[in-house]
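Colleague: Please take me through this model. I want each term set against its cut-off.

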Amino acid sequence: MPSVTRDGLEIAYWVEGEGEPAVWLQGLNADHTAWSAQTATFRAHYRCIAIDNRDIGKSGRAERPYTLAEPAEDTRAVLDAAGVADAHVVGLSMGGGIAQELALAAPERVRSLTLVSSFARPDARLLAILDAWRAIYPKLGLNDFARQSWPWLFSHRFFERPANLRNLQRYADNAANPQEPAAFARQIAASRTHDTLDRLGALDLPVLVVAGAEDMLVQPHLVRQLAEAIPEARYVELPGVGHIANLEGRTAFNRLLRDFLAEN
């Protein structure tokens, strides 16, 4: 496991595969392993660089507030350490916010941008959910918090297969580096203040924006708003899929992303 130190924090990352570099940024309360359904496939043709954001997994804990511009700079430091001039960047939810900030601050480092279940500016409903999650996380603990979050993250179809729930429970039970309540609260705060809506018009690069049509957390109107703010962004809504589009809609998502990356 390589790492790089920036802003006094150790940022852990994993590199698999050979080919054009592709960076994978996860969302709130999720480490790099939440991209396993993609890196296991894409490493056959891409050099996959999956990052644990600050305050999660094996990366350092910030111990002070920050905006998503800070983990974007962490990502740039990882690219430097890995000897990567530019990369395809894929971000989900909060990770999509980090990816936006990276593309705005250093567009020369982003070969293409894929934003999944993400937003440019949270609406009042999303803020209310984030505030509620911040309040209940320390009371429930990681495992029970994860269980209550699943209905927000997946469509009703996902629950119709008992194996899906068993796999989620196994994933939660085996979390190697549980996120502390203070670290979770800092990620929440950074997500709450994320706002790129009035800056995204400056982007001039290939952008794919993906929504789950049944996303109950970041609802499709927020993802469409994000896409509409980016010149010539391609917007795709996956039917029958919730917030974790890369897992619930794995086959369609992988095909869509594979074709987009191949074009760019």
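Modeller: Start with the cavity: on a 1 Å grid over the protein atoms alone, it is a set of points where a 1.4 Å probe fits but cannot get out. Points are joined across faces, edges and corners, and a volume is the space filled by probe spheres set on the points. The model is predicted: local features need pLDDT of at least 70, side-chain atom pairs count only at pLDDT 80 or more, and totals for chains, interfaces and linings use all residues. Residues are numbered from 1 along each chain as its sequence is written, and side-chain values use heavy atoms, without hydrogens or water.

Colleague: How much space lies in the largest cavity?

Modeller: About 70 Å³. The search of the whole structure finds one cavity of 30 Å³ or more.

Colleague: Which residues line the largest cavity?

Modeller: Leu28, Ser93, Met94, Phe119, Leu126, Leu130, Ser191, Leu217 and Val218. To count as lining, a residue has an atom within 4 Å of a point. Seven are nonpolar, two polar and none charged. The nonpolar class is Ala, Val, Leu, Ile, Met, Phe, Trp, Tyr, Cys and Pro; Asp, Glu, Lys and Arg are charged; the others, Gly among them, are polar.

Colleague: What makes a pocket?

Modeller: A pocket is an open set, with protein on both sides within 12 Å along at least five of seven lines. Of its 48 lining residues, Ala30, Ala34, Leu168, Tyr171 and Leu247 are closest to the centre. The lining holds 24 nonpolar, 16 polar and eight charged residues.

Colleague: Which helix gives the most to the lining of the largest pocket?

Modeller: α4, with seven residues. Helices (H or I, at least four residues) and strands (E, at least two) are DSSP runs, numbered from the N terminus.

Colleague: How do you know that β6 and β7 pair?

Modeller: Pairing needs at least two bridges found by DSSP. β6 (110–116) and β7 (207–212) have four, in the parallel sense, so they qualify. Thr114 has Leu208 in β7 as its bridge partner.

Colleague: What is the order of the open sheet?

Modeller: Its eight strands run β1-β2-β4-β3-β5-β6-β7-β8, with mixed pairing. β1 (3–6) and β8 (234–238) are the edge strands, since each pairs on one side only. At the β1 end, four bridges join β1 to β2 (9–16) in the antiparallel sense. β1 and β2 form a hairpin with two residues between them, and Asp7 in the turn has a positive phi of about 55°.

Colleague: Why is the pair of Phe145 and Phe184 called edge-to-face?

Modeller: Rings of Phe, Tyr and Trp (its six-membered ring) pair if their centres lie within 6.5 Å; planes under 30 degrees apart are stacked, over 60 edge-to-face, the rest tilted. Phe145 and Phe184 lie 5.2 Å centre to centre, with 70° between the planes. Phe145 is in α4 and Phe184 in α7 (181–192), so the pair ties together parts 39 residues apart in sequence.
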